[in-house]
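Take a walk through this structure, one stop at a time. Keep the sequence and the 3D view side by side.

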Amino acid sequence: LSQQAGNPTFYYQFTRQPPFCPWPKSQQFCCNHVCHGDEMAYLFHDSGNPFPWTFQPPDTYISSVMSNYWASFA
């Protein structure tokens, strides 16, 4: 939570590098890095098609925590 000029602002920084590269060939520069949008698979517990991986314990935990935060905020 950040507050400037009396208005609360909520933010987070997603730093988990996915265990696969979900990006198309035109955005391969995001492979082996954390890019905007990488958190979507975690937010929606999406470890199935088209993503060629399943959540490992750390991914499951992060996904659960993120979903809870977002649901609580909404």
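How many salt bridges does the count come to? The count comes to one salt bridge. A word of caution comes first: this is a predicted model.

Side chains of opposite charge can pair when their charged atoms come close. Here the partners are Asp-59 and Arg-16, whose side chains meet at 2.9 Å, N to O. The pair links distant parts of the chain. Asp-59 sits in helix H2, while Arg-16 belongs to the loop between E2 and H1. They are 43 residues apart. The two partners also have their own accessibility classes. Asp-59 has 0% relative accessibility, so it counts as buried. Arg-16 has 28% and therefore counts as partly exposed; the partly exposed class lies between the buried cut-off of under 20% and the exposed cut-off of over 50%.

Stay with Asp-59. Which residues does it touch, once its neighbours within four places in sequence are left aside? They are Arg-16, Pro-19, Tyr-42 and Trp-53. With Tyr-42 there is also a polar contact between the side chains, at 2.7 Å. So two side chains deserve a look beside Asp-59: Arg-16 through the salt bridge, and Tyr-42 through the polar contact, because Asp-59 itself is buried at 0%.

Now follow the helix that holds Asp-59. Helix H2 covers residues 57-73. It has 17 residues and reaches 24 Å from its first C-alpha to its last. That is close to the 24 Å expected at 1.5 Å a residue. Which residues of H2 are buried? They are Asp-59, Ser-63, Met-66 and Ser-67. These four cover an arc of only 100 degrees around the axis, which puts them on the same side of H2. Turn to the other side of H2 and find Pro-57, Tyr-61, Tyr-69 and Ser-72, which are exposed. What covers the buried residues of H2 includes H1.

Helix H1 brings us back to Tyr-42. The aromatic rings are the next stop. The count of aromatic pairs comes to three. In one of them, the rings of Phe-14 and Tyr-42 have their centres 5.2 Å apart and their planes at 55 degrees, so this pair is tilted. The pair links distant parts of the chain, 28 residues apart. Phe-14 is in the loop between E2 and H1, and Tyr-42 is in helix H1. Both Phe-14 and Tyr-42 are buried.

Tyr-42 has another ring partner, Phe-55. Their ring centres are 5.7 Å apart and their planes stand at 40 degrees, so this pair is tilted too. Again the pair links distant parts of the chain: Phe-55 lies in the loop between H1 and H2, 13 residues apart from Tyr-42 in helix H1. Tyr-42 has a relative accessible area of 0%, so it is buried. Phe-55 has 18%, so it is buried as well. Ring pairs link Phe-14, Tyr-42 and Phe-55 into a cluster.

One last stop lies in the loop between strand E2 (7-9) and helix H1 (40-43), the place of Asn-32. Is Asn-32 buried or exposed? Its relative accessibility is 62%, so Asn-32 counts as exposed. Its backbone is worth a glance too. Asn-32 has a positive phi of about 65 degrees, although it is not a glycine.

Definitions and conventions: Residues numbered from 1 in each chain as written. Predicted model: local features only at pLDDT ≥ 70, side-chain atom pairs only at ≥ 80, totals over all residues. Heavy atoms only, no water. Helix = DSSP H or I, 4+ residues; strand = E, 2+ residues; numbered from the N terminus. Buried < 20%, exposed > 50% of the residue type's maximum accessible area, 1.4 Å probe, protein only. Polar contact = N/O pair within 3.5 Å; in protein donor to acceptor, adjacent residues only side chain to side chain. Contact = heavy atoms within 4.5 Å. Expected span 1.5 Å × (residues − 1). Arc of directions from axis to C-beta. Phe/Tyr/Trp six-rings, centres within 6.5 Å; stacked < 30°, edge-to-face > 60°. Salt bridge = Lys/Arg side-chain N within 4 Å of Asp/Glu carboxyl O.
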